[in-house]
Amino acid sequence: MRTIGTSEWTVLRVLRDRAAGLCLAAVVISGLGSSALWLACGVWVKDLTGSDGLAALCLLAMWAPALAGPLLGTLADRVRRRPLLVGANLLLAAVLPVLLTVGSPGRVWLLYAVLLLYGATGVVEDAAGSALVASAVSPALLGDFNGLRTAATEGMKLVAPLAGAGLYAAYGGGSVALLDAVTFVLAAVLYARLRLREEKPVRPARTWWEQTADGARRLWAHPRLRPLVLAGGATMLCAGLNGALVYAVVDALGHAPAYAGVLYAVQGTGSIVAGLLSGAGLRVLGGRRFVVYAIALTAAGVAVRAVPHDPAALAGSAAIGAGLPCVLIAVFTTVQRETPAELVGRVAATAHTLVFVPNVVGLAAGAGLVDAVDQRALLLLLGIGLLVTAAALAHSPASAERTAARSPSDADPT
């Protein structure tokens with residue numbers, strides 16, 4: 001095996017590996033279309049119905065399948081992952097053109113149905129993708145791969161929604177759906193080009209529910225995964241609450257609502273930088289300490305937003321942008337490294353549900369609290385809550401952490 005030097009730039013380390021490069025390209029291309037469609041659908045429904053509530057349901061339709069994540073993710077352990085990813089991308093490519101028929105309020109239900117399928121297929125793809133990457137990419141590259149994937153995803157969030165909105169304004173929602181369909185076809189082609197020999201899974205003797213429970217038990221019983229995933233969920237709950245306060249922060253600064261775009265841009269820039277550096281950070285610190293420091297950085301970013309001055313708000317956004325992705329990168333890299341190949345789909349899907357569903361809960365709770373509670377006090381409380389989460393993780397029982405948390409790939413990147 002070729003030695004991978006620590007001095008090589010993250011991008012080169014990943015792209016020089018054929019399997020890693022193909023997987024990364026597939027994720028980035030499909031994510032480009034998804035990011036564009038996400039904003040366009042809400043605008044589309046708003047234009048057709050005039051209802052803010054119905055427009056917001058688009059996001060709910062895409063997120064709702066995450067509640068069934070462990071069940072849906074089990075599929076990734078029952079079939080070969082590469083054909084599953086190819087088929088899932090082609091399925092979405094075939095279904096999205098149906099949205100060309102949505103041209104009146106009476107057809108909006110069809111858009112919700114497609115988004116629900118979109119979300120469910122996305123859960124399966126996340127599970128299968130995590131499992132495929134864990135087997136196709138060298139363990140020494142997993143942290144770098146996940147970090148670079150995060151950097152690319154956050155970079156797209158800065159441009160893809162605006163591109164989708166521009167395409168929608170010029171040619172309508174159907175054009176955005178067609179663009180997304182094309183990206184899924186390209187992603188399917190990239191996955192099909194992977195040179196990966198997968199053994200056909202043995203026909204399971206256990207039921208679907210029993211297999212799902214096996215994944216949940218594996219996650220809960222693991223001495224390193226459980227505290228990391230729980231800390232990740234708590235962090236994302238606080239992040240959701242913080243996200244719901246962004247316009248209150250903008251009001252406190254005395255700016256127009258559009259200034260939120262500046263804060264998001266700074267946050268996205270922080271996430272890109274964090275993604276590029278996270279692989280090296282994981283090798284130096286190990287998973288648990290890396291997450292502790294990342295949560296502490298996020299806590300500082302949230303708390304400093306309580307200061308009603310532009311430099312503080314911008315610094316807080318940058319810190320949040322750098323801290324949050326590092327938490328997610330470390331959690332899901334550890335899931336990939338610490339889970340047997342036959343269980344990765346189920347365990348990854350369960351971890352996704354436990355980490356990301358609290359974010360939606362936090363957003364909903366924050367929307368209800370923002371008008372009833374002083375935002376500065378709430379931001380300080382959230383900062384304290386995040387620090388408590390970091391301290392709890394730092395002092396969690398982890399005898400195994402001292403001997404094995406730094407995997408061979410962390411300690412020696414060869």
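This report describes selected helices and residues of a predicted model.

## Helix α2 and its ends

Helix α2 covers residues 18-49. With 32 residues at 1.5 Å a residue, helix α2 should span 46 Å, and the 47 Å between its end C-alpha atoms agrees with that expectation.

Both ends of this helix have a local feature. Just after α2 comes Gly 50, whose phi is positive, at about 75°.

## A nonpolar surface patch

Three leucines, Leu 54, Leu 57 and Leu 60, make up a nonpolar patch on the surface. Together they have about 230 Å² of accessible area.

Leu 54 belongs to helix α3, which comprises residues 52-63. Its relative accessibility is 32%, so Leu 54 counts as partly exposed.

Glu 338 is part of helix α14, residues 310-338. Because its relative accessible area is 15%, under the 20% cut-off, Glu 338 is classed as buried. The side chain of Glu 338 is joined to that of His 222 by a polar contact of 3.5 Å.

Ala 170 is located in helix α7, which runs over residues 139-171. Its relative accessible area of 52% is over the 50% cut-off, and therefore Ala 170 is exposed.

How many residues separate Ala 170 and Ser 396 in sequence, and how far apart are they in space? The separation is 226 residues in sequence and 54 Å in space, taken from C-alpha to C-alpha.

Conventions:
Residues are numbered from 1 along each chain as its sequence is written. This is a predicted model: local features need pLDDT of at least 70, side-chain atom pairs count only at pLDDT 80 or more; totals for chains, interfaces and linings use all residues. Side-chain values use heavy atoms; hydrogens and water are left out. Helices (H or I, at least four residues) and strands (E, at least two) are DSSP runs, numbered from the N terminus. The expected span of a helix is 1.5 Å times one less than its number of residues. Buried means under 20% relative accessible area, exposed over 50%, partly exposed in between (1.4 Å probe, protein chains only). A polar contact is a pair of N or O atoms within 3.5 Å; within protein, one must be able to donate a hydrogen and the other to accept it, and residues adjacent in sequence count only if both atoms are side-chain atoms. Patches are made of residues with over 30% relative accessible area and no salt bridge: like charges are joined within 9 Å, nonpolar side chains (Val, Leu, Ile, Met, Phe, Trp, Tyr) within 5 Å. Accessible areas come from the Shrake-Rupley method with a 1.4 Å probe; for residues, only the protein chains shown count as cover. A salt bridge is a side-chain nitrogen of Lys or Arg within 4 Å of a carboxyl oxygen of Asp or Glu.
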